[in-house]
Amino acid sequence: MTNKVTILAIESSCDDTSAAVVQDGLMLSNVTAGQKVHEEFGGVVPELASRAHQLNILPVVDTALRRAGIDRSELSAIAFTRGPGLLGSLLVGTSFTKGMALSLGIPMVDVNHLQGHVMAHFVEPSETLKATVPSLQNATIRHPEYPFLCLLVSGGNSQIVRVEQTAGKHLPTMTIIGQTIDDAAGEAFDKCAKVMGLPYPGGPWVDKLAKEGDSKAFALAKPHLTGYDYSFSGLKTSFLYLIRDELKQNPDFIEQRKADLCASLQATVIDILLGKVKKAVQDTGICRVAVAGGVSANSGLRDALLDYGKRYRWDVFIPPFSFTTDNAAMIAQAGYLKYMDGDFCPIDAAPFAKTTI
Ligand code: KG4
């Protein structure tokens with residue numbers, strides 16, 4: 001019998017099946033299986049995602065335990081993503097967790113996926129994990145001090161979260177101070193990319209092509225919202241109308257101007273995102289700014305954030321690539337802190353599709 005706290009975590013909120021093992025705060029493994037089945041449909045097909053999770057979950061969990069060198073009898077608890085996400089996908093992770101926790105007689109810890117993204121900043125990878133993940137090998141991982149602001153940008157969400165320590169608790173308090181009223185930033189990237197005929201998910205393609213384009217080539221719509229809320233539907237529509245009008249004059253417009261279109265789109269999204277962060281920093285006086293979620297892999301956003309940091313004297317925190325898109329290490333980190341708080345969930349816990357933090 002060991003006194004170590006060892007947690008297996010499972011993430012299955014969308015189209016990545018992931019499992020990780022954390023022991024006393026050290027991340028021992030993080031294994032993710034993606035789902036290529038959606039590529040031909042230009043977006044995630046929920047029913048196919050659930051089926052792929054069912055196929056992947058056992059080998060992914062087995063591999064995560066093996067790479068961590070942990071036997072299931074050593075586990076203290078199992079953490080899992082309870083929501084938000086695709087209900088069918090979440091059900092696979094939730095049901096698997098229940099079965100395994102029941103059979104081992106250990107507690108379950110439910111984790112909010114969005115809180116997991118924020119907690120990615122506190123993952124401390126073991127030397128073994130670092131050695132197996134290229135993006136971790138030379139990465140400097142800095143953990144933000146509290147309080148800090150986190151720009152959380154993914155395929156389903158765009159939020160500014162205020163993260164503060166709560167006396168006597170391990171998991172910090174996370175308060176959304178602004179969020180999108182329609183589409184998320186990742187959705188804007190993916191949908192505009194689809195209009196240009198780029199594969200799904202389009203965000204990384206836009207990022208790649210934007211490097212060769214002129215970010216000032218096209219002026220796209222920006223929202224005029226007060227406060228810290230975001231909106232990306234107007235940008236998406238203006239992008240669609242620009243292409244529709246230009247194609248009438250020149251059927252090869254997209255092919256000829258793809259890089260410029262991507263650069264202009266990316267620059268507009270970044271401008272919208274960081275404009276609100278700047279306002280939030282000014283109003284709250286909190287100068288520590290972190291970024292999280294799939295879109296935080298965007299190289300333009302990373303560079304712009306570092307640039308804002310230099311210009312406005314913010315302390316900027318950018319997670320390693322492997323902890324930006326959906327992964328179980330971030331769920332393990334949040335789950336570990338909740339475990340330390342004694343915050344477990346009942347065996348009849350149901351997953352939820354929609355929520356804020
Ligand atoms: O966090 P995530 O993996 O899944 C959700 O929980 O939504 O985020 C996925 C989103 C997709 O919209 C994808 O296009 C976007 O992150 N993304 C990027 C980049 N890499 C992933 N967007 C822009 N540039 C990137 N390099």
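The model is predicted, and local features require pLDDT of at least 70, side-chain atom pairs count only at pLDDT 80 or more, and totals for chains, interfaces and linings use all residues. Residues are numbered from 1 along each chain as its sequence is written, and side-chain values use heavy atoms, with hydrogens and water left out.

Eleven residues from domain 1 and 13 residues from domain 2 form the contact, defined by heavy atoms within 4.5 Å.

The size of an interface is often given as the accessible area lost when the parts come together. Between domain 1 and domain 2, about 880 Å² is buried, 67% of it on carbon and sulfur atoms; this buried area is the accessible area (1.4 Å probe) that two parts lose on being put together, summed over both. On the side of domain 1, G42, H121 and T324 lose the most area to domain 2, together accounting for 56% of what that side buries.

For D190, a polar side-chain atom lies 2.6 Å from an oxygen atom of the ligand. In the side chain of N298, an N or O atom is 3.0 Å from a nitrogen atom of the ligand. The ligand taken alone exposes 560 Å², and the protein buries 88% of that, with accessible areas computed by the Shrake-Rupley method with a 1.4 Å probe.

Methods. Polar contact = N/O pair within 3.5 Å; in protein donor to acceptor, adjacent residues only side chain to side chain.
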